[in-house]
Amino acid sequence: MKTILNKDTREAIPEILPVIPTLDVVVFPHMIVPLMVLDEKIIKGINNSLQESKLVLLLAAKKQLDDQDVIGTKDLHQVGTIASVMRLIKIPEGGIKILVQGLCKARALNLLTENESLYANVEQVEIAEQNPNNEMIVAQIKNIKALSEKLSGSSSSFSPDFHLIVSKINDPVKIADFILSHLSLTIDQAQALLETENQQDLLASLYNYLYKEIEVAEMQEKIRNHARDSMNKAQKEFYLREQIRAIKKELGEDDVQEIDDMREKLESLQLAEETKTEVIRQISRLERTAPDSMEATVIRNYLEWIFALPWSTETEEILDFAFAKKVLDEEHHGLKEIKERILDFISIRHLKQDGYAPILCFVGPPGTGKTSLGQSIARSLGRNYARISLGGVKDEAEIRGHRRTYVGAMPGRFIQALRKAGSSNPLIVIDELDKIGSDFRGDPSAAMLEVLDPQQNKTFYDNYLGIPYDLSRAMFVATANSLDSISEPLRDRMEIIELSGYTVDEKVNIAKRHLVRRAISDVGLQNHDVKFNDDVLQDIVMNYTREAGVRQCERLIRKLCSKAVRSFVETQNIITFDMQNLPNYLGPRRFVEDEHIATDQIGITNGLAWTPFGGEMLKIEAVLMPGKGKLTLTGQLGNVMKESAQAALSYARSHAKEFKITERAFTHHDLHIHVPAGAVPKDGPSAGITMLTSILSALTQRPISSKHAMTGELNLRGEVMPIGGVKEKILAAKRNKVTNIILPMKNKHDIVDLEEISKEINLIFVSKAQEVLDAVLMPGSAA
């Protein structure tokens, strides 16, 4: 094997040496460094070297690599250091540790693999040495010594002996080696110095690095001085604050204990960092403010609200199917869809505890149990209950709170409800959502968009608190009588569940299970034998009330109980109510069977209408009289309903020949259509076929079957279009004892869940107007 001669040590160096890649260090000549080697190929090369020259070539990697990355020959620098292996220690976990000393710089001419080890052809790199007495070299050495003196006094990274050693060295090579062993350099910086070709450039680079070390040391000293000044200022403030406390104590204005209590409470609360910072700031303001000032009162009220809110307090949910079903069935009859939805929610909670709660909106007529249903849901889930009524609210601040600059400012209703509920996961009932108003103070329904959005209410911002509050853990149940006045964006944020009116059987059942028991308890007759049989309850429901809910029914039952109490107090006897004596206590029956309903009449049709209070049955009347073909509409009809009447007349005129109606009937007669209950406004397209039936009955003088009621929109081609409120309209027909109901064919899918209420009802589905007329127009004479 060929060898080269090291000029510094006069040692023979083989031309081919094992290569050790170094990842995080560049070894310079004369430097002693420990290295860890894990690669088996490298270890094998080192072992071979120990048996011969004990020399290796150390080459630094060009870039920092992860532990799992593989180093290729292209990833190594060409210039490295030939080093002598001084010691080798085997590691039990695998690999070896070696201690190497750099001898001289060398260049790897090419890298090769022999016997599964990495080797390199090397040539020694000789640095261009200059005369030590050269003026430039002497000046650089003096500058370096001056900097080393300054560094010894200011930098903690250089020992005090650093300057003493440097001051005694005059050889530029030895000075460079000594300084290189003390500098903290990156791999790239160290490699650049290793590849420097002449002594002058190397000393110049070392001078620049030492100068940067001085700048860093001066900046560190500046930071330390600033920190020391800040600590002195804090100590001074503490001393002055203690003096203020002593003065306040002498004056009888000692609020120290209150401030300390607030700080203790703050530490016990689980608050976000942003919230905690704001509360600390307000406590500090209160501490600096005179206790009897107005500002102190405002801050104290604010902090009381902060500490009273249930930031991290939650009630444990009851996830028991049997219990939830029992509670809901005990307190509410029917309402299958809502009960199923609550059981679905409990199922989700079994699998995912942190899922957001549904936002429900119950829409239906008054008295159908929407608000009380919210209480039952809260009880079935084991959640605290709070109720917010938004009927008539016109100020946006009612939702988001008032800013603290106003006198008497308060948080919004939702924050107040959470404080009242005492937990951060209550069930909040938002009552009368459709009754929200708006004026110059803002639109509360727009503010509700943030409250009812699961993605936004996690950071609900109340103007009074001034900090975000998480509403996402609360469960919201809104109630409304109609969706028409609720904005589309707000409607989109809720799951709409419609509560239609109750059937007669359902009302009797509710009265028997709930209303009677409650009324007896309210008047104090629990221990007396007061009974209401089914016939009496059915008589009350059918002949004394005409409503979708059960409120009027409850008032009448309470009235009967009051009569029973009076009788007991006066005569010590309890009244037994029956069909015969009921008018004596409630007066004559209010809703008796209309003779027009029982008799087939010309021009009078039973129409079905939807109202926010449930379904209603209307009699649409039409009469023909001499005139000039004028159409008169009365009964407070809206524009849509007027247009339906005009469309029905156009259809009748265009199909006059089919019904044997002469043209003279249209040109020499006036037609008057009236919808009774003239004081009540009416509108909507669903009376189209009803008006057509009345018009054709008046023109043909054929009576209309009173056993039928109908609803459906009509177009000019005679097609019957779908309508809404099917359930309410069927219930209205049942209340009026009409057994045949004509509905549009396109509404057939609405009957899927209405099998119970459509019992004993003959539902006739039609798609053409002719089918309606064939079913209800009785034989008679043509005009």
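Which order do the strands of the open five-stranded sheet have?

## Parallel sheet

The five strands of this open sheet are arranged in the order 10-11-14-9-15, and their pairing is parallel. Two strands pair if DSSP finds at least two bridges between them. Helices (H or I, at least four residues) and strands (E, at least two) are DSSP runs, numbered from the N terminus. The edges are strand 10 (385–389) and strand 15 (495–498), each of which pairs on one side only. On average, neighbouring strands of this sheet are turned by 20° against each other, direction ignored. Angles run from 0 to 180 degrees between N-to-C directions, and axes are lines fitted to C-alpha atoms, for helices over the stretch in contact.

The model is predicted: local features need pLDDT of at least 70 and side-chain atom pairs count only at pLDDT 80 or more, while totals for chains, interfaces and linings use all residues. Residues are numbered from 1 along each chain as its sequence is written, and side-chain values use heavy atoms, with hydrogens and water left out.

## Pairing and helices on the sheet

Strand 11 (residues 427–431) and strand 14 (residues 475–480) run parallel and are joined by four bridges. V429 has V477 in strand 14 as its bridge partner. Helix 11 (residues 336–351) packs on the sheet, where it touches strand 9 (359–363), strand 14 and strand 15. Contact here means heavy atoms within 4.5 Å. The direction of helix 11 makes about 145° with that of strand 15. Helix 12 (residues 370–381) lies across strand 9, strand 10, strand 11 and strand 14, and runs at about 175° to strand 11.

Strand 15 contains E498. E498 is exposed, with a relative accessible area of 54%; buried means under 20% relative accessible area, exposed over 50%, and partly exposed in between (1.4 Å probe, protein chains only). The C-alpha atoms of E498 and P365 are 9.4 Å apart, although the two residues are separated by 133 residues along the chain.

## Salt bridges

The whole structure holds 27 salt bridges, each being a side-chain nitrogen of Lys or Arg within 4 Å of a carboxyl oxygen of Asp or Glu. One of them links R281 to E278, with 3.1 Å between the closest N and O atoms. Both residues, R281 and E278, lie in helix 8 (residues 273–288), three residues apart, about one turn of the helix. R281 is partly exposed at 44% relative accessibility, whereas E278 is buried at 18%.

E317 and R383 form another salt bridge (2.4 Å, N to O). E317 is in the loop between helix 9 (294–308) and helix 10 (321–331) and R383 is in the loop between helix 12 and strand 10, so this pair ties together parts that are 66 residues apart in sequence. E317 and R383 are both buried. A further salt bridge joins E398 and R413, whose closest N and O atoms are 2.9 Å apart. Because E398 lies in helix 13 (residues 397–400) and R413 in helix 14 (residues 413–421), the pair ties together parts that are 15 residues apart in sequence. E398 is partly exposed, with a relative accessible area of 26%, and R413 is partly exposed at 27%.

The largest nonpolar core has 56 residues, among which L57, I82 and I98 touch the most other members. Such a core is a set of buried Ala, Val, Leu, Ile, Met, Phe, Trp, Tyr and Cys residues joined through side-chain atoms within 4.5 Å. Strand 7 (residues 96–114) gives the most to this core, with seven residues. A second, separate core of 53 residues includes M262, W311, I359 and V451.

In helix 1 (residues 40–50), the buried residues are I42, I43, G45, I46 and S49. They line one face of the helix, because they fall within an arc of 160° seen down the axis of helix 1; the arc is that of the directions from the helix axis to the C-beta atoms. The cover over these buried residues includes strand 3 (16–22), strand 4 (32–37), strand 5 (55–60), strand 6 (79–90), strand 7 and strand 8 (117–124).

## Strand 25

Five of the five residues of strand 25 (residues 740–744) are buried, so the strand is largely enclosed by the rest of the structure. N740, I742 and P744 are buried on one side, and I741 and L743 on the other. Strand 25 pairs in the parallel sense with strand 22 (residues 708–710) over three bridges, and with strand 26 (residues 762–766) over five bridges. I741 in strand 25 stands opposite A709, and L743 stands opposite F765 in strand 26.
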